[in-house]
Amino acid sequence: ATSNASTGIVVALALGALLLSWRARETDVLLRAAFAGLALFTAYVVYVGGDFLPHARFFVPVLPIAYLVACEGFLVLAAKRRVVLALGLLVALAGLQVPQFDRAFLWDTHVYSEPRWAALGREIARSVPPTSKVAISPIGAFGYESRLYLVDMLGLTNTEVAKAAPDLRMQLKGHQRFDAEWVLAQRPELIILGDSYPAADGGEPTLVVNHWERSLFENARFRAEYEAFELAIPGSYPLIFYGRRDVAPPRGAVITR
């Protein structure tokens, strides 16, 4: 429902089905292939649990195809009636304004996340050798700014995590697979847990570990090989992270308890 409100993907599928049923013989083979691909892609997204990202980002790759199919189907429905075409255009333009209601939420989410991860990437890159490995879940902005070797703990850039058995207790889609032993086997110099977000506890920043990272946090090897540090981040709040005991900590980092 949320994805359809943002993109009209269900409406596009309905109009595409209309196109194929009402103009079956004349329909271009490319339009048939486009509709088939759109339907399969949508079915797969539903199969994996749906799209949980703002503005239905899972569907972005197929939106041009969806809108092409939708327009062709609507032309069949309107049958060149100008009033119907005008009303359809107005409805489509109005539908595009639905995501505007999420502007405040999306802005707050952006301010809370991407600038923070970018600041971490810049500061840590200045504080560690360029050959350092960093294990982290939100790899995008951090990796872009730091250019360090990342151990992707959620498996977006490796196939090892995909082999792990899913933990269906995790409610956040795309985060059900995690392999603590694989992460530790990469021997990262730094491990950033909790997406780098501390929680205030009595005025002091306190690390809150993500649910999917719990098996790593409670791992005996992790406890033996890593200790907690705190690093000041210009323009943001301090980072609490774990550093390997057998390597020098980042410049400016202090041991925390």
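**Entry 1: a valine in a helix**

I started with valine 45, which sits in helix H3 (residues 29-47). Helices here are DSSP runs of H or I with at least four residues, strands are runs of E with at least two, and both are numbered from the N terminus. This is a predicted model, where local features need pLDDT of at least 70, side-chain atom pairs count only at pLDDT 80 or more, and totals for chains, interfaces and linings use all residues. Residues are numbered from 1 along each chain as its sequence is written, and side-chain values use heavy atoms, with hydrogens and water left out.

Is valine 45 buried or exposed? Valine 45 is buried, at a relative accessible area of 4%. My cut-offs are under 20% for buried, over 50% for exposed and partly exposed in between, using a 1.4 Å probe and protein chains only. I also checked valine 45 against valine 69: they are 24 residues apart along the chain, and their C-alpha atoms are separated by 19 Å.

**Entry 2: the sheet**

I traced an open sheet of six strands with mixed pairing, in the order E2-E1-E3-E7-E6-E8. Strand E2 (149-152) and strand E8 (254-255) each have a single partner strand, so one side of each lacks a neighbour in the sheet. Pairing takes at least two bridges found by DSSP between two strands.

Next I looked at E6 (residues 226-231) and E7 (residues 239-244), which run antiparallel and are joined by six bridges. Leucine 231 has leucine 239 in E7 as its bridge partner.

**Entry 3: arginine 244 and arginine 187**

I stayed in strand E7 for arginine 244, which counts as buried at 9% relative accessibility. What does its side chain reach at 2.7 Å? I found the backbone oxygen of arginine 187 there. Beyond neighbours within four places in sequence, arginine 244 is in contact (heavy atoms within 4.5 Å) with Arg187, Pro188, Glu189, Glu225 and Tyr226.

Arginine 187 is partly exposed, at 34% relative accessibility. I noted a positive phi of about 50 degrees for arginine 187, although it is not a glycine.

**Entry 4: another positive phi**

Most residues other than glycine have a negative phi. I noted arginine 147, not a glycine either, with a positive phi of about 60 degrees. Arginine 147 lies in the loop between helix H8 (140-146) and E2, and is exposed with a relative accessible area of 60%.

Conventions: A polar contact is a pair of N or O atoms within 3.5 Å; within protein, one must be able to donate a hydrogen and the other to accept it, and residues adjacent in sequence count only if both atoms are side-chain atoms.
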